[in-house]
Amino acid sequence: QAEREVRKLSLNEAPTKRLKASYESLIEAVKGGKQSAIDKAVDRAINEKSYYNAQRLVRTETAKAYGDSFFDKILRDDDVVGYQSVLSPRHPVPDICDFYATSDLYGMGKGIFPKSQGAPYPYHPNCLCILKPVYRGEAGQLDDKGAAKYIKSLSDEKAKALFGSNYETVKQEPNLWRDYI
């Protein structure tokens with residue numbers, strides 16, 4: 001089971017290659033049964049996990065500062081009507097970012113939000129999404145029916161990934177998406 005979980009690390013260029021290598025070394029050391037090798041592998045794994053956590057914290061706080069600056073700027077610009085959430089080219093796995101970048105929640109276009117009504121950014125730890133201002137004339141009219149349309153188009157698997165145990169409720173009543181996202 002541990003080997004299966006370790007294999008999942010570093011998929012699609014996720015920033016966990018070093019952590020994955022240290023965990024693989026630990027598994028091999030445990031299989032070998034030599035206490036000195038196990039101690040060394042445990043020490044390396046702990047150090048790599050600490051390094052990964054520090055990187056994650058820096059990425060998340062950097063994204064938070066970027067988001068704060070971005071929103072401060074667009075809220076003061078009268079020509080900006082919203083912003084668009086765009087997936088990073090390094091986006092590793094489907095998550096909440098896919099929802100925000102591909103759904104038309106407000107009838108303004110895919111991934112576009114009114115400038116004062118979007119989700120808190122960053123959307124999750126390690127978030128690498130890009131935010132782009134949307135200027136007057138570039139977006140459709142404000143209409144919250146886009147969320148219902150998008151949610152009804154989701155497969156059960158994607159709806160479960162977004163809404164967890166509440167996915168059936170949201171599939172039946174899409175207007176509740178904000179309560180469960």
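How many residues does α2 have, and what does α2 reach from its first C-alpha to its last? The legends below describe close-up views of a predicted model.

**View 1. Helix α2 and the residue that follows.** α2 has 16 residues. From its first C-alpha to its last, α2 reaches 23 Å, close to the 22 Å expected at 1.5 Å a residue. Leu19, Lys20, Ser22, Ile27 and Ala29 are buried in α2. Their cover includes α1 (2-8) and α3. Gly33 follows α2. The phi of Gly33 is positive, near 80 degrees.

**View 2. Helix α3 and its cover.** α3 runs over residues 35-75 and has 41 residues. At 1.5 Å a residue, α3 should span 60 Å. The end C-alpha atoms of α3 are 59 Å apart, which agrees. The buried residues of α3 include Ile38, Ala41, Ala45, Glu48 and Tyr52. Also among them are Thr60, Ala63, Gly67, Phe70, Phe71 and Ile74. What covers the buried residues of α3 includes α2 (17-32), β1 (80-86) and β3 (130-135).

**View 3. Asp78 in the loop between α3 and β1.** Asp78 sits in this loop. Is Asp78 buried or exposed? Asp78 counts as exposed because its relative accessibility is 60%, and exposed means over 50%. Leaving aside neighbours within four places in sequence, Asp78 is in contact with Lys115 and Arg136. Asp78 and Tyr135 lie 57 residues apart in sequence. In space they are 8.9 Å apart, C-alpha to C-alpha.

**View 4. The largest nonpolar core.** This core has 32 residues. Phe99, Tyr100, Tyr123, Phe163 and Trp177 have the most contacts inside it. The elements that give two or more residues to this core are α3, β1, α4, β2 (112-114), β3, α5 (145-153), α6 and α7 (167-172). What does Tyr123 touch, not counting residues up to four places away in sequence? Tyr123 touches Tyr83, Ser85, Ile96, Cys97, Tyr100, Cys129 and Leu131.

**View 5. The second largest pocket.** The volume of this pocket is about 290 Å³. Two elements, α4 (96-102) and α6 (156-163), each give two or more residues to the lining. α6 gives the most, with four residues. The lining residues include Pro94, Asp95, Asp98, Phe99 and Thr102. Tyr150, Leu154, Glu157, Lys158, Ala161 and Leu162 also line the pocket. The lining divides into six nonpolar, one polar and four charged residues. Phe99 lines this pocket and is one of the residues with the most contacts inside the largest nonpolar core.

Definitions and conventions
Residues numbered from 1 in each chain as written. Predicted model: local features only at pLDDT ≥ 70, side-chain atom pairs only at ≥ 80, totals over all residues. Heavy atoms only, no water. 1 Å grid on protein atoms, 1.4 Å probe; cavity = no way out; pocket = protein on both sides within 12 Å on 5 of 7 lines; lining within 4 Å. Points joined across faces, edges and corners; volume = space filled by probe spheres on them. Nonpolar A, V, L, I, M, F, W, Y, C, P; charged D, E, K, R; others polar. Expected span 1.5 Å × (residues − 1). Buried < 20%, exposed > 50% of the residue type's maximum accessible area, 1.4 Å probe, protein only. Contact = heavy atoms within 4.5 Å. Core = buried A, V, L, I, M, F, W, Y, C linked by side-chain atoms within 4.5 Å.
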